[in-house]
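I began with the surroundings of the ligand and then turned to the pockets.

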Amino acid sequence: MRSLIDILELSAEEIADLVATAEDIIANPQKYAEACRGKKLATLFFEPSTRTRLSFEAAMYELGGQVLGFSEAASSSASKGESVSDTVKVVSCYADIIAMRHPKEGAPLVASMKADVPVINAGDGGHNHPTQTLADLLTIWREKGRFTDLTIGLCGDLKFGRTVHSLIAAMSRYANVKFVLVSPEELKLPSYVKKDILQKKGVPYAQTTDLESVMPELDVLYMTRVQRERFFNEDEYVRLKDSYILTPEKLKTAKDSLSILHPLPRVNEISVAIDDDPRACYFKQALNGKYMRMALILKLLGVEV
Ligand code: NCD
């Protein structure tokens, strides 16, 4: 039995297989409509979510399966003091697979050690978010047709942005990928990600606070929201929240082939004036998340179509 806690648990070959399955689902949705008949997905969300939870649920429904769960800690027995371990032990009796989001880093890992069914990390604190990365990867694949030879700009809250950490890990495996890390000083990429991923693998990267100066070199621009819920101090959040606002003006020097991604939700980081720009991919990205979650559920349940 296999869970997905960290994106690096999937080999590059397995990522390629998931992408191929997602492409097949897009082309032939009917073929998959009964694949998970009789199976249940439990969504255990101890933190707010729109896309991740609803796309997991839509994914299971489109596979012919069913869904149960909760969308806030307050409506679960966590509010009575139940441990994550006990919760998943019990939910294992009711569901065939679990998707869990939790504010504490490592909670889904603990859950996977206690559960009797596969556990998918749907975001753990400021740490990781592997299924968002699957959505990001399918988007890059569909837009660029490759995972190699890309200069990827990551902009915004690189410290607390869990999607950034997982995306860097995933993309660091491909040849000739370079990262440009754009953030305020206070929200720089954590040194553990730099050491354990970028430096260990010898992946080239540059750090800057100035988005406009690097715009012309980028093939992909991954914008992120400043993660308000991870700040200890509201004044600090208010001071940093509008550090980067992407506007049509700032895109003037960008490549025509640039792909603009954002895991969403957007607060202020991307002007709505960009939504109709052909380079804007963030709503497609949210749709791609559903297809990759379908592919992942099939894989972890061992369902062959
Ligand atoms: C992201 C998350 O939860 O980390 N959202 C998502 O799952 N699409 C990004 C964010 O909340 O900023």
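Entry 1, ligand shell. I looked up the residues around the ligand and found Thr52, Arg101, His129, Gln132, Arg162, Thr163, Arg225, Gln227, Pro263, Leu264 and Pro265; a residue is near if one of its heavy atoms lies within 4 Å of the molecule. I note that the model is predicted, that local features need pLDDT of at least 70 and side-chain atom pairs pLDDT 80 or more, and that totals for chains, interfaces and linings use all residues. Residues are numbered from 1 along each chain as its sequence is written, and side-chain values use heavy atoms, with hydrogens and water left out.

By class, I recorded three nonpolar, five polar and three charged residues in this shell. The classes count Ala, Val, Leu, Ile, Met, Phe, Trp, Tyr, Cys and Pro as nonpolar, Asp, Glu, Lys and Arg as charged, and the others, Gly among them, as polar.

I searched for pairs of N or O atoms within 3.5 Å. The side chain of Thr52 places an N or O atom 2.8 Å from an oxygen atom of the ligand. The protein covers 94% of the 310 Å² of accessible area that the ligand has on its own (Shrake-Rupley method, 1.4 Å probe).

Which pocket does the ligand take up? I found that its space is the largest pocket, where sitting in a pocket requires more than half of the molecule's atoms within 2 Å of the grid points. A pocket here is an open set of points on a 1 Å grid over the protein atoms alone, where a 1.4 Å probe fits, with protein on both sides within 12 Å along at least five of seven lines; lining residues have an atom within 4 Å of a point. The volume of the largest pocket is about 390 Å³, taken as the space filled by probe spheres set on the points. Its lining has 20 residues, with Arg101, Arg162, Arg225, Leu264 and Pro265 nearest the centre. Helix H2 (51-62) and helix H6 (162-171) are the elements that give two or more residues to this lining; helices are DSSP runs (H or I) of at least four residues, numbered from the N terminus.

Entry 4, second largest pocket. I noted a volume of about 220 Å³. H1 gives the most to the lining, with four residues.

Terms used. Polar contact = N/O pair within 3.5 Å; in protein donor to acceptor, adjacent residues only side chain to side chain.
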